[in-house]
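Dear colleague,

I am handing over the structure below, together with notes on what was found in it. Please read them with the coordinates open beside you.

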Amino acid sequence: MAACAFSCSSAAAVKSAVFVRGTESLSVGGKGGRVSIPSTSLSCSFKALSARQHGHCLEGLVKHTVQGEGSCRRKSMAVVRASASETSEGACARSYKITLLPGDGIGPEIMKVAKEVLKMVGQQEGMELAFEEALVGGAAIDEYGNPLPDSSLALCRNSDAVLLAAIGGYKWDNNTAHLRPERGLLGLRAGLGAFANLRPATVLPQLVDASTLKREVVEGVDIMVVRELTGGIYFGQPKGFGVNEAGERTGFNTMIYSVQEIDRIARVAFEMARKRRGRLCSVDKSNVLETSQLWRERVTEIGKEYPDVELSHMYVDNAAMQLIRAPKQFDTIVTGNIFGDILSDEASMLTGSIGMLPSASVGESGPGLFEPVHGSAPDIAGQDKANPLAQVLSAAMMLRYGLNEPAAAQRIEATVFNVLDKGYRTGDIMSAGKTLVGCAQMGDILLHSLSQSTESHAASLTA
Ligand SMILES: NC(=O)c1ccc[n+]([C@@H]2O[C@H](COP(=O)([O-])OP(=O)(O)OC[C@H]3O[C@@H](n4cnc5c(N)ncnc54)[C@H](O)[C@@H]3O)[C@@H](O)[C@H]2O)c1
Ligand SMILES: CC(C)[C@H](C(=O)O)[C@@H](O)C(=O)O
């Protein structure tokens, strides 16, 4: 596994113009936090969030430790990795262990595309990518009677990054709770400590008309939803089924957040907002819920550390409405687990399709988890109709946020951009005058376009 060090100052260390615009650097975990998302300058921070020189780099997201200025110069980047090996060209190869979790439904179809794209971009960027696959969700229930076998979690934990497709399907919908695919996903997120879920919703110019909303409403939308992922009502105890005084069956869950859980996700969100357009909207239901009252109080308190970020608060019901009414008012949104689940799905429709939205889930230590926002789409599984772009873009987020390989990430994003520019569309984003393709064909087109990409071409899209 890669233990790396890097210190780069490259114009080619790309700022993505497309999907994570302006979010080049982000430290997770607050003061003393251990995860840093790479910046355009590819220097890392640790402890003091503002100390973005070189020095400490994250242990955590990529389990890397900085060892000083790189001695291997590749293209315009100075990169050194403890495990770097010499390639036949004498260039430094960075080695990464990536666990792939294809999961269920359309998962295997879209993962196949993403894997091929990663293989090609790995060659182009001089990375050694070692892939291992494991079962999770329904596929793991079928094989092992467990939606998250210990072996799958162990493999993930021992990776540099985890790329998940999606889990779930009709077949397992009536299983008892511990034998549901969703339980595997939640266990994975918790098991990796991936508490911060970054869900960008960016309307690409090519897809403005794919949205069900009016062009003038969605054009230019660029929102980052920062969703708390390992707390709240999803994990609160007690939960279960019972019987009330009238003898009726009941079901109950507990929505609970601790100060520490709120503070750390708030810091992630403030950092994110600071790197974007400097506006953070915290979404809660503090007019009703005590959990939300604490949430609002703590977010306001943490906000004092970020005087440069404009903080606002909004009730979740209003936020759901405002996202449709005037989505451009939002820059960065921070919210709890269940509100984030719902709002990010809603935000996906601004962009045309949930099939376009990637996500990154990161924690204070351990590898990050990268997955599309969408589910296993059982209604179209096995029909070659799935849009693989959210999966491919999740792979790009993995490269940028999980492996600190922004040039490779940007190369993928530019390729997606190009393919859309040329008019290729899967069914979910199809519009008049465009060319309808299936999942596999979209993969072939991506590979063809990627094979023709050059660094200068990729960089020109971000200029
Ligand atoms: N992260 C995950 O693994 C995840 C996320 C959400 C839902 N799920 C699970 O997925 C299953 C189905 O859930 P659902 O139907 O509510 O949500 P879904 O996201 O799977 O599908 C919703 C709709 O969007 C379409 N869609 C989704 N992804 C698409 C893609 N890449 N290309 C084209 N169309 C796409 C589907 O065909 C469907 O019509 C459930 O078992 C659910 O628990 C898993
Ligand atoms: C499948 C389910 C557990 C999951 C969630 O609710 O978090 C999904 O909806 C998502 O958004 O990734």
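To begin with the second largest pocket of this predicted model, its lining divides by class into four nonpolar residues, one polar residue and five charged residues. The volume of this second largest pocket is about 180 Å³, and the residues that line it are Glu109, Lys112, Val113, Glu116, Asp384, Cys439, Ala440, Gly443, Asp444 and Leu447. Two elements, helix H1 (107-125) and helix H12 (439-451), each give two or more residues to that lining, and H12 gives the most, with five.

The largest pocket holds about 780 Å³ of space, and of the 29 residues that line it, Arg180, Glu182, Arg183, Leu186 and Tyr234 are the closest to its centre. At least two lining residues come from each of strand S9 (161-166), helix H4 (181-191), strand S12 (240-243), strand S13 (249-252), helix H9 and strand S18 (368-372), while H4 gives the most, with five residues. By class, the lining of the largest pocket has 13 nonpolar, six polar and 10 charged residues.

Strand S14 (279-284), helix H7 (290-303) and helix H9 (337-348) each supply at least two residues of the lining of the largest cavity, which divides into seven nonpolar, five polar and one charged.

Turning to the nonpolar cores, the largest has 71 residues, and those with the most contacts inside it are Leu118, Leu163, Leu198, Val226, Leu399 and Leu446. Helix H10 (residues 389-402) gives the most to this core, with nine residues. Within the largest core, Leu118 is one of the residues with the most contacts, and, once its neighbours within four places in sequence are left aside, Leu118 is in contact with Leu129, Phe131, Leu163, Ala395, Met398, Leu399 and Ile412.

Finally, a word on the cysteines: the structure holds zero disulfides. Cysteine 156 counts as buried because its relative accessibility is 0%, and cysteine 281, with a relative accessible area of 5%, is buried as well.

With best regards

Key. Residues numbered from 1 in each chain as written. Chains lettered and ligands numbered in written order. Predicted model: local features only at pLDDT ≥ 70, side-chain atom pairs only at ≥ 80, totals over all residues. Heavy atoms only, no water. Core = buried A, V, L, I, M, F, W, Y, C linked by side-chain atoms within 4.5 Å. Buried < 20%, exposed > 50% of the residue type's maximum accessible area, 1.4 Å probe, protein only. Helix = DSSP H or I, 4+ residues; strand = E, 2+ residues; numbered from the N terminus. Contact = heavy atoms within 4.5 Å. Nonpolar A, V, L, I, M, F, W, Y, C, P; charged D, E, K, R; others polar. Disulfide = S-S within 2.5 Å. 1 Å grid on protein atoms, 1.4 Å probe; cavity = no way out; pocket = protein on both sides within 12 Å on 5 of 7 lines; lining within 4 Å. Points joined across faces, edges and corners; volume = space filled by probe spheres on them.
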